[in-house]
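Hello,

Here is the structure I promised to pass on. Please open it first, then read my notes below.

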Amino acid sequence: MGTKHTDPEGESRAGLPGAEPEPQETPEEPSPRTPAWARRTARVWRHPRLRLPKRIALALALVLLLPLLAAGIALRVNYAGDPAAGTQTRNRDALWMGHAWVDGRKRDADVKALAKRLRGTGIRDLYVHAGPLEHDGTLPESVHPRARWLVGAVHRELPGVRVQAWLGDKLASEGPVGLRLERAATRTAVVGSARQILAAGFDGVHFDLEPLHSGDRDYLSLLDDLRGVTRAAHVQLSVAAHQIDPFPAANAIRGALSGHPKWWSQSYFGQVARRVDQIAVMSYDTAMPMESLYGGYVAQQTSLALEVTPESTDLLMGLPFYYEDNLSHHGSAETVTAAVRGTRLGLSRTDRDRENFGVALYVDFAARESDWTAYRKGWLP
């Protein structure tokens with residue numbers, strides 16, 4: 001309805017003789033210079049029959065965009081404020097390391113250089129890639145011929161630092177090829193591989209099996225069996241963990257749209273954490289486009305993980321010690337600085353006095369000097 005014009009004394013003049021006619025809206029015609037195809041499109045778009053479809057399209061756009069906008073605002077708010085004093089290293093940090101350390105490419109001089117790099121940091125565990133596992137769960141000894149040398153060299157140069165064997169494989173959870181945890185024989189073989197790698201002198205075994213869907217009971221069964229082996233040997237059992245569902249139904253929606261669920265439920269994360277000595281969140285490859293959003297996301301992930309991780313389990317938040325620029329990882333956003341600050345904010349708000357807590361640096365062979373500088377500046381006292 002058009003707006004009525006009112007005279008100074010407040011009486012409506014609409015419809016009275018001599019009153020100014022109310023303005024009528026007329027459709028704006030495209031300029032004659034507009035291309036013919038554009039004029040046709042404009043006429044079709046203005047057709048009365050499209051009124052309802054246009055309203056439906058607008059409603060759907062709002063349904064999709066408003067939650068994303070709300071989530072973005074929440075993450076930005078998560079990144080606000082200052083970390084609490086004392087929310088820095090507890091000397092329980094870890095470093096993921098490449099296969100070159102066990103296949104013969106590294107020598108004593110490399111270990112000495114590594115020791116120089118790590119002295120004065122909070123790094124206590126090294127996750128050294130000693131696999132991968134075969135799809136049947138076995139581990140060829142030929143893939144880690146220098147394992148015993150490495151463990152001895154690290155113990156000599158860095159007393160107190162533990163060397164864990166990083167084992168993993170692609171799971172057949174989203175395709176026909178890969179390791180199948182639902183097969184009892186495969187799980188038995190993985191346990192045998194853990195015994196085999198520990199016999200080489202490692203201080204623990206670190207598993208990274210992907211893509212591992214939330215709720216996988218066969219994985220929990222495997223962890224129960226592995227825990228018996230590592231406890232008997234008095235060594236560490238640790239795992240790399242998926243991120244936690246950031247808001248209700250996010251994982252279900254992503255899985256339905258892409259066929260590739262990304263997150264674990266918070267409950268499932270807790271079930272895994274209760275079965276291991278250490279759990280390291282792979283808190284990178286988030287697709288966040290801005291540093292503030294990524295930092296807020298890490299703060300949220302830290303809080304979610306702290307809420308369900310037992311006090312007796314080491315919780316480590318992953319730091320992106322590498323640079324890539326693709327759909328899943330924007331290097332300008334996923335910085336070490338943002339990850340460290342987000343980790344400290346989450347720790348400050350949720351459990352600032354947690355002792356069994358740290359960060360895990362991924363990965364040694366891709367790290368830049370600026371990454372090490374950001375880690376030292378942001379996380380070390």
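Two strands count as paired if DSSP finds at least two bridges between them. Keep in mind that this is a predicted model.

The barrel comes first. Eight strands form a closed barrel, in the order β1-β2-β3-β4-β5-β6-β7-β8, and the pairing is parallel. On average, neighbouring strands of this sheet are turned by 25° against each other, direction ignored.

Leu167 has Phe207 in β4 as its bridge partner.

Helix α9 (residues 291-308) touches β6 (278-281), β7 (314-320) and β8 (357-362). The direction of α9 makes about 165° with that of β7.

Next, Ala273. This residue lies in helix α8 (residues 266-273). Is Ala273 buried or exposed? Buried means under 20% relative accessible area. Ala273 has 0% relative accessibility, so Ala273 counts as buried. Leaving aside residues up to four places away in sequence, Ala273 touches Ile279, Thr309, Pro310 and Thr313. Ala241 is 32 residues from Ala273 in sequence, and their C-alpha atoms are 9.1 Å apart in space.

Last, the second largest pocket. About 210 Å³ of space lies in this pocket. Which helix gives the most to the lining of the second largest pocket? Helix α3 (residues 108-118) does, with four residues. The lining has six nonpolar residues, four charged and no polar. Among the lining residues are Trp101, Lys106, Asp110, Arg117, Asp364 and Trp372.

Best wishes

Notes: Residues are numbered from 1 along each chain as its sequence is written. This is a predicted model: local features need pLDDT of at least 70, side-chain atom pairs count only at pLDDT 80 or more; totals for chains, interfaces and linings use all residues. Side-chain values use heavy atoms; hydrogens and water are left out. On a 1 Å grid over the protein atoms alone, a cavity is a set of points where a 1.4 Å probe fits but cannot get out, and a pocket is an open set with protein on both sides within 12 Å along at least five of seven lines; lining residues have an atom within 4 Å of a point. Grid points are joined across faces, edges and corners, and a volume is the space filled by probe spheres set on the points. Helices (H or I, at least four residues) and strands (E, at least two) are DSSP runs, numbered from the N terminus. Ala, Val, Leu, Ile, Met, Phe, Trp, Tyr, Cys and Pro count as nonpolar, Asp, Glu, Lys and Arg as charged, and the others, Gly among them, as polar. Buried means under 20% relative accessible area, exposed over 50%, partly exposed in between (1.4 Å probe, protein chains only). Contact means heavy atoms within 4.5 Å. Axes are lines fitted to C-alpha atoms, for helices over the stretch in contact, and angles run from 0 to 180 degrees between N-to-C directions.
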